[in-house]
Amino acid sequence: MSGFAYAVDGASIQPVDLHDAVNRTAELVWIHLTTTNEEAESYLCGAAGLPDYIVEPLLAAETRPRCDQIGDGAYLNLRGRSSDDMPMSDPLASVRVWAVAARVISVTRRPMTAVAVVEARVREGHIHDPGDLIAELASAITEELDPEVAELGDTLDDCEEQLDPGRVFELRRQVTAVRVQAIAYRRFLSPQRTAIEKLGSLPVAWLHVDDRMHLAAAADRAARMAEELESIRERAALTHEALTDLRAEQIDARALIISIVAMIFLPLTFLTGLLGMNVKGIPYADQPWAFDGVVAVCAAIAVAITGYFIQRHWFR
């Protein structure tokens with residue numbers, strides 16, 4: 001089990017051992033665990049003394065952003081960027097937080113860049129209580145995601161400007177990648193905004209006025225990003241349709257050329273086939289009207305097929 005812990009008491013900031021941190025008394029004790037094994041459950045249930053109904057969501061494998069008040073504490077789940085390679089369908093890592101007065105316990109399964117940012121802020125002495133820590137974490141997560149969402153929009157802008165029949169396949173791949181990523185981000189950012197807003201409205205004493213203001217700003221940024229992602233998703237769908245139309249026009253143009261060539265050679269093929277026909281050995285082959293009879297049969301078949309097409313309205 002890996003992680004770290006800090007005890008912040010006024011101007012005093014001390015890194016402490018994970019097992020010693022549970023017994024420390026300070027304005028803020030932050031315990032962070034990065035783990036996927038059973039040692040975290042043993043630590044949280046044993047040394048930290050957390051009840052099962054708190055430990056279970058802290059260690060859950062599949063999570064969505066949410067916020068729940070439990071007594072005077074709050075459970076918070078947020079999603080943010082990870083330094084690890086993430087799958088396109090699930091591009092954001094999860095951090096689970098249990099916060100009460102003077103104590104914050106956070107758990108991640110993958111390293112989160114926002115956690116490193118907040119740790120640096122703790123070391124610099126900018127964070128003094130749980131409210132500061134939670135607000136800084138929410139702000140760091142949204143600040144990191146903002147440029148990524150903007151980059152998706154810029155990529156889509158470039159694709160829209162470069163619409164060209166000769167680059168249909170390349171542009172479709174880019175547009176599809178942008179759309180998939182936008183959908184994956186929006187799946188988490190919409191509930192994340194709700195979770196941050198709910199946290200900012202909780203009636204707990206350890207959240208101060210400035211903390212609530214910072215949380216409101218983070219929620220507003222998350223809402224703006226969710227709206228931008230929805231716009232990107234819709235624009236990507238329209239761009240994909242435009243590329244499909246370009247491809248269809250390209251195919252129609254090529255089909256027209258093929259049809260023109262076929263129309264030019266079809267009468268020639270008919271004539272060469274007709275004049276080169278060997279009617280010897282077939283009934284009435286020796287009759288002087290045999291060739292005229294074959295021509296009449298071909299004409300009758302052509303008229304019959306044309307009549308069938310007219311009856312079926314194929315010429316409309």
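1. Start with E136 and R121: their side chains meet in a salt bridge, at 3.5 Å from N to O. E136 belongs to helix α5 (residues 130-161) and R121 to helix α4 (residues 113-123), so this pair ties together parts that lie 15 residues apart in sequence. Both ends are partly exposed, with a relative accessible area of 21% for E136 and 29% for R121. Keep in mind that this is a predicted model.

2. Next up is R186, which forms a salt bridge with E230; the closest N and O atoms are 2.9 Å apart. Here distant parts of the chain get linked, since R186 sits in helix α6 (residues 168-200) and E230 in helix α7 (residues 209-275), 44 residues apart.

3. How many salt bridges does a search of the whole structure find? The count comes to 13. As background, side chains of opposite charge can pair when their charged atoms come close. There is a network too: E143, D146, R221 and R224 are linked by salt bridges.

4. Now for charges on the surface. Which residues gather in the patch of negative charge? They are E38, E41, D52 and E56. Helices α2 (38-47) and α3 (52-58) each supply at least two residues of this negative patch. E41 lies in α2, and with 41% relative accessibility E41 counts as partly exposed.

5. For a nonpolar counterpart, look at V297, I301 and I305, which make a surface patch of about 260 Å². I301 has its place in helix α8 (residues 290-311). Is I301 buried or partly exposed? The relative accessible area is 47%, so I301 is partly exposed.

6. On to the strands, where two polar contacts are worth a look. T108 is found in β7 (residues 103-108), and its side chain joins that of T34 through a polar contact of 3.3 Å. T108 is buried, with a relative accessible area of 0%. S94, for its part, is in strand β6 (residues 93-100). The side chain of S94 makes a polar contact with the side chain of N77, at 3.3 Å. S94 is buried too, with a relative accessible area of 8%.

7. Last, a loop residue. Where is A26 found? In the loop between α1 (18-21) and β3 (28-34). A26 is buried, with a relative accessible area of 14%. If you want a pair to check in your viewer, take A26 and G131: they are 105 residues apart in sequence and 14 Å apart in space, C-alpha to C-alpha.

Methods. Residues are numbered from 1 along each chain as its sequence is written. This is a predicted model: local features need pLDDT of at least 70, side-chain atom pairs count only at pLDDT 80 or more; totals for chains, interfaces and linings use all residues. Side-chain values use heavy atoms; hydrogens and water are left out. Patches are made of residues with over 30% relative accessible area and no salt bridge: like charges are joined within 9 Å, nonpolar side chains (Val, Leu, Ile, Met, Phe, Trp, Tyr) within 5 Å. Accessible areas come from the Shrake-Rupley method with a 1.4 Å probe; for residues, only the protein chains shown count as cover. A salt bridge is a side-chain nitrogen of Lys or Arg within 4 Å of a carboxyl oxygen of Asp or Glu. Lys and Arg count as positive and Asp and Glu as negative; His and the chain ends are not counted. The place of a charge is taken as NZ of Lys, CZ of Arg, CG of Asp or CD of Glu. Helices (H or I, at least four residues) and strands (E, at least two) are DSSP runs, numbered from the N terminus. Buried means under 20% relative accessible area, exposed over 50%, partly exposed in between (1.4 Å probe, protein chains only). A polar contact is a pair of N or O atoms within 3.5 Å; within protein, one must be able to donate a hydrogen and the other to accept it, and residues adjacent in sequence count only if both atoms are side-chain atoms.
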